[in-house]
Amino acid sequence: MNRIAQALVRRLAGMAIVLAIVATVVFLIVRVTPGDPAAVMLGSDATPEDIAQLREKLGLNAPLIVQYGQFLWRLLHGDLGQSIFLNQSVGQALLSRAEPTFFLTLFAILIATAIALPVGVLSAVKRGTLFDQIVVTVTMVAASVPSFWLGLVLIQIFAVQMGWFPASGYGGPDTPFGARLHHLILPAITLGVVNSALITRFTRAAMLDVLGDDYIRTARAKGAGEGRVVLKHALRNAMVPIITVIGLSVAMLVAGAVVTESVFGLPGVGNLVVSAVLRRDYPVIQGTLLAAAAIYVLINFIVDMLYVVADPRVKL
């Protein structure tokens, strides 16, 4: 028990160090990016005096080290700062945009996994057949397809021509929850199909490595059915690399949501990031990137814990 506690403490300490490094890098990158939020807020007709006064009010004239210290102090107290343009805290802005991004990512990873696992397993079992060659070719093509292009194609076919799904938006505050989720079907399919290619290829490769092991031949020699051999023996032992790539895919889906949300007009975190970058809203950019980094680190931690569940031989 002490070893498990020590391992968890080490993991949590490592997560804290990673987030501290990310916070520093994000702060510096945002500050060196060209553009002045005060000038953006006041418009092209603003005088240099007006811009200087607003910069002073926003604290942008303070030395960089002072701004960094204030940023870290607020961060240690759970305060991501106040948005320059939205007249609300960064935390409130993220929470108000979290729902569509969360469900978009959830549905996309479910779609990607539902496609990739059976296809990857079947492709490995039927290695060298026509089906396997088709799977390899299709996954290579799917991995190369830009998500925004696929999204536009799906909008044209299923929203414009067939009218099955809405082309954009997420509905208003009074829109029923089911109707809002209906808006996410096309963007979720877009992200899910693109990301299923990577999971399929890793599943196939992991299964091929396992299917050639001695214990698989032994199980077949003992008369075990092919389905039992593939699902109970091979797939279970191949789950560690598969879980890894699924976890990485979740993190990539969070990043890919920026483009997809823009294509489908979803009011999620991705759209919030785009507007914040265009307006040089430093606190929102910093807060969003830190939240994304925290999610990425948390996903890695969960994946590590799932290793133990998938394979009892793995120790913390």
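Me: Buried means under 20% relative accessible area, exposed means over 50%, and partly exposed is in between (1.4 Å probe, protein chains only). Why does F103 count as buried?
Reply: This is a predicted model; local features need pLDDT of at least 70, side-chain atom pairs count only at pLDDT 80 or more, and totals for chains, interfaces and linings use all residues. Residues are numbered from 1 along each chain as its sequence is written, and side-chain values use heavy atoms, with hydrogens and water left out. F103 has 18% relative accessibility. That value is under the limit for buried, so F103 counts as buried.

Me: Why is F107 called partly exposed?
Reply: Its relative accessible area is 24%.

Me: What makes F102 and F103 an edge-to-face pair?
Reply: A pair of aromatic rings is described by the distance of the centres and the angle of the planes. Rings of Phe, Tyr and Trp (its six-membered ring) pair if their centres lie within 6.5 Å; planes under 30 degrees apart are stacked, over 60 edge-to-face, and the rest tilted. Three aromatic pairs turn up in a search of the whole structure. In F102 and F103 the centres are 5.2 Å apart and the planes stand at 75°, so the pair is edge-to-face.

Me: Why is the pair of F103 and F107 called tilted?
Reply: The ring centres are 6.0 Å apart, so the rings pair. The planes stand at 40°, which is neither stacked nor edge-to-face, so the pair is tilted. F103 and F107 are four residues apart in helix 5, about one helical turn. Helices here are DSSP runs (H or I, at least four residues), numbered from the N terminus. Ring pairs join F102, F103 and F107 in a cluster.

Me: How do you know that R180 and E99 form a salt bridge?
Reply: A salt bridge needs a side-chain nitrogen of Lys or Arg within 4 Å of a carboxyl oxygen of Asp or Glu. The closest N and O atoms of R180 and E99 are 3.0 Å apart, so the pair qualifies. R180 sits in helix 8 (residues 177-182) and E99 in helix 5, so the pair ties together parts 81 residues apart in sequence. R180 is buried at 13% relative accessible area, whereas E99 is partly exposed at 28%.

Me: What makes D132 and R204 a salt bridge?
Reply: Their closest N and O atoms are 2.7 Å apart, so the pair meets the salt-bridge cut-off. The pair links distant parts of the chain: D132 lies in helix 6 (residues 130-144) and R204 in helix 9 (residues 185-211), 72 residues apart. D132 is buried, with 4% relative accessible area. R204 is partly exposed, with 21%. Two salt bridges are found in the whole structure.

Me: What lines the largest pocket?
Reply: A pocket, on a 1 Å grid over the protein atoms alone, is an open set of points where a 1.4 Å probe fits, with protein on both sides within 12 Å along at least five of seven lines; lining residues have an atom within 4 Å of a point. The largest pocket has 25 lining residues, with T101, V254, V269, A292 and I295 nearest its centre. Helix 14 gives the most, eight residues.

Conventions
Helix = DSSP H or I, 4+ residues; strand = E, 2+ residues; numbered from the N terminus.
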